[in-house]
Amino acid sequence: MTSTLTRRGLAGLALALLPVAAAHADTLGDIRKAGKVRIAIDLAIPPFGMTDDKMQPAGSDVDTARLLAQDLGVKLEIVTTTGPTRIPMLQTNKADLVVSTLSITPDRAKVIDFSVPYADHPSVVASLKSVPLSSYADLAGKKVAVVRATTQDTDLTREAKGAQLVRYEDDATMALAFASGQVDILATARSLLPAISKKNPARTLESRIVMQTFYLAVGLRKNEPALKGWVDGWVKTNLQNGKLGAIYKKYHGIDIDPAQLLKAGG
Amino acid sequence: MNYQFDFSFLAERWPDFVAGAWLTIQLTVVSIALGFLLGTVCAMGRAYGGPVLRRVVGFYVELIRNTPLLVQIFVVYFGLSSLGLKLSAETSAVIALAVNMGAYTTEIMRAGIVSIQRTQLEAADCLGLTRLQAIVHVVLLPAMERVYPALSSQFVLLMLASSITSQISAEELTATANNVQSDTYRSFEVYIVVAVVYLALSALYRAAFWAIGLGLFARKRRLGTSL
């Protein structure tokens, strides 16, 4: 009698635990239950993430996150982050998703998952008008500003051996370093050049070397098939209906090519 | 809690940490020395100077002690550069840290200097000490001995505060940690390593200041008691 009870009890316990264990890796379920999605966004990288003149979060990543939360039917909680802390935010469960100019790279794919890309993002080496450049070799012995832990940082460290890399923590600091004359060359996203040039009309940037084109995707923790499936589907739908293209155009003034992005996403 | 610690990056990246720690040491030793000199001169000015000099020093001390160090560093690095004076990140860091150190040293040293009684100076006069001898042996050294524990704490605090110079691209210990963290994604482990290195540096600095103190203060060395 006792043993039957114990056995039943154990079976019941196991049954009770099963869904809990399964639900634990189901961030999508957790998001729906909580009624809010926590999305990490860097608000110091205009025009992707910034604070507008009414001190509200704005930018293409912010609008993308808002659209995502709205379609998911939950409230959006923006978790502000910085370039180097985007991935740790996911790993330490401080955010459910990252929508923050996160480009897909093999190194990053080892630790997190990516959705289908929602935008593209060419990165360039740009310099002052009076500083001509045509190849990485021309960078030898020159100070080149980058934001730490970005793909530009990794690429230049590898490709431009002779260059003296000056690393800043975010785009705003790097832009200030250029505007104030600390550096004449920087490696960054092409989309940023107009904003940086606007800071000091006496010092405008010209794009010199196209480093590579990145695909920006929503970052999520590994082993989240339900969430990944939903986000992939959402990105595809909104690329096709032009909503994501409209957000990009509004902030960057350039069109994105949905067909190319869908192809890159498989 | 099922976090897998992985310190394997140390095998490859330890020279980076050594280089970062070395730059931290260089930056802070120079700023401590310059800041101490600046602060001692200002403290003399504040204790013995005329009303104008006292006001000027007081303004400097209040300005620096009531604004964030990060803002001071940005003003030196970006501000001076906008005015056409281009300084490297390391030079800017040393200037900002020394000016900051100077303000705190001023107040600490002033406390020591005002604790020296006037009669001590009169005694020095009677013994025929020159003005300079009296300042060095009767005022400054005993004043410093009295406030030495507070001074060495402030020096160690400055060493720890130097971590924020990574913001203006000085490649010191914290900047190294940020670099390694961004390459390896082992953020937790990297910052544990850096915390241990800072702890070791603090211990090293305290030991060094203790040894310097023994050298400077004969009373402490011979009798084991301070003033």
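Student: Where should I begin with chain B: how many helices and strands are there in chain B?

Tutor: Chain B has nine helices and zero strands. Keep in mind as we go that this is a predicted model. Along the sequence the pattern of chain B reads α-α-α-α-α-α-α-α-α.

Student: What share of the residues of chain B count as buried?

Tutor: Chain B has 227 residues, and 32% of them count as buried. In chain B, 76% of the contacts with a separation of 6 or more are between residues 24 or more positions apart.

Student: Now the helix pairs, please. At what angle do α7(B) and α8(B) pack?

Tutor: With a helix pair, take the angle, then the handedness, then the residues. Helices α7(B) and α8 (residues 187-216) of chain B pack at about 160°, and their axes are 9 Å apart. Angles over 145 degrees count as roughly antiparallel, so α7(B) is roughly antiparallel to α8(B). The crossing of these two helices is right-handed.

Student: Which residues make that contact?

Tutor: From α7(B) come B:Leu173, B:Thr174, B:Ala177, B:Val180 and B:Gln181, while α8(B) brings B:Ser187, B:Val190, B:Tyr191, B:Val194 and B:Val197. By class, the residues of this contact are seven nonpolar, three polar and no charged.

Student: And how do α1(B) and α4(B) cross?

Tutor: Helix α1 (residues 9-48) and helix α4 (residues 89-114) of chain B cross at roughly 40°, with axes that come within 5 Å. That angle makes α1(B) oblique to α4(B). Here too the handedness can be given: the crossing of α1(B) and α4(B) is right-handed. Their contact has 19 nonpolar, seven polar and three charged residues.

Student: Let me turn to the contact between the chains. How many residues does the contact take from chain B and from chain A?

Tutor: It takes 14 residues from chain B and 15 residues from chain A. On the chain B side, α3 (69-82) and α7 (173-184) each supply at least two residues. The largest share of that side, five residues, comes from α7(B). The chain B side divides into four nonpolar, nine polar and one charged.

Student: How should I think about a nonpolar core?

Tutor: The general idea is that nonpolar side chains tend to be buried together in soluble globular proteins. In this model the largest nonpolar core has 45 residues, and A:Ile39, A:Ile41, A:Ala65, A:Leu97, A:Val98, A:Tyr118 and A:Val218 touch the most other members. Elements of chain A that give two or more residues to this core include α2 (27-34), β1 (36-41), α3 (60-72) and β11 (205-216).

Student: Which residues is A:Ala65 in contact with, leaving aside its neighbours within four places in sequence?

Tutor: On that basis A:Ala65 is in contact with A:Ile39, A:Ile41, A:Leu76, A:Ile78 and A:Val99. There is also a second, separate core of 36 residues, which includes B:Met101, B:Tyr104, B:Ile168 and B:Ala170.

Student: What about backbone geometry?

Tutor: Most peptide bonds are trans, and most residues other than glycine have a negative phi. The peptide bond from A:Pro46 to A:Pro47 is cis, with omega near 0°. A:Pro47 is found in the loop between β1 and β2 (50-51) of chain A.

Student: Is A:Met55 buried or exposed, and what is the phi of A:Met55 near?

Tutor: A:Met55 is exposed, with 7 other C-beta atoms within 10 Å. Its phi is near 65°, a positive value in a residue other than glycine. You will find A:Met55 in the loop between β2 and β3 (57-58) of chain A.

Student: And A:Thr101: where is the place of A:Thr101 in chain A?

Tutor: A:Thr101 sits in the loop between β5 and α5 (106-109) of chain A. A:Thr101 has a positive phi of about 40° although it is not a glycine. With 25 C-beta neighbours inside 10 Å, A:Thr101 counts as buried.

Terms used
Residues are numbered from 1 along each chain as its sequence is written. Chains are lettered from A and ligands numbered from 1 in the order in which they are written. This is a predicted model: local features need pLDDT of at least 70, side-chain atom pairs count only at pLDDT 80 or more; totals for chains, interfaces and linings use all residues. Helices (H or I, at least four residues) and strands (E, at least two) are DSSP runs, numbered from the N terminus. A residue is buried if 20 or more other C-beta atoms lie within 10 Å of its own, exposed if 12 or fewer, and partly exposed in between; C-beta atoms are placed from the backbone. Two residues are in contact if their C-beta atoms, placed from the backbone, lie within 7 Å. Ala, Val, Leu, Ile, Met, Phe, Trp, Tyr, Cys and Pro count as nonpolar, Asp, Glu, Lys and Arg as charged, and the others, Gly among them, as polar. Axes are lines fitted to C-alpha atoms, for helices over the stretch in contact, and angles run from 0 to 180 degrees between N-to-C directions. Angles under 35 degrees count as roughly parallel, over 145 as roughly antiparallel, 65 to 115 as roughly perpendicular and the rest as oblique. A crossing is left-handed if the near helix is turned anticlockwise from the far one by less than a right angle, and right-handed if clockwise. A nonpolar core is a set of buried Ala, Val, Leu, Ile, Met, Phe, Trp, Tyr and Cys residues joined through C-beta atoms within 7 Å.
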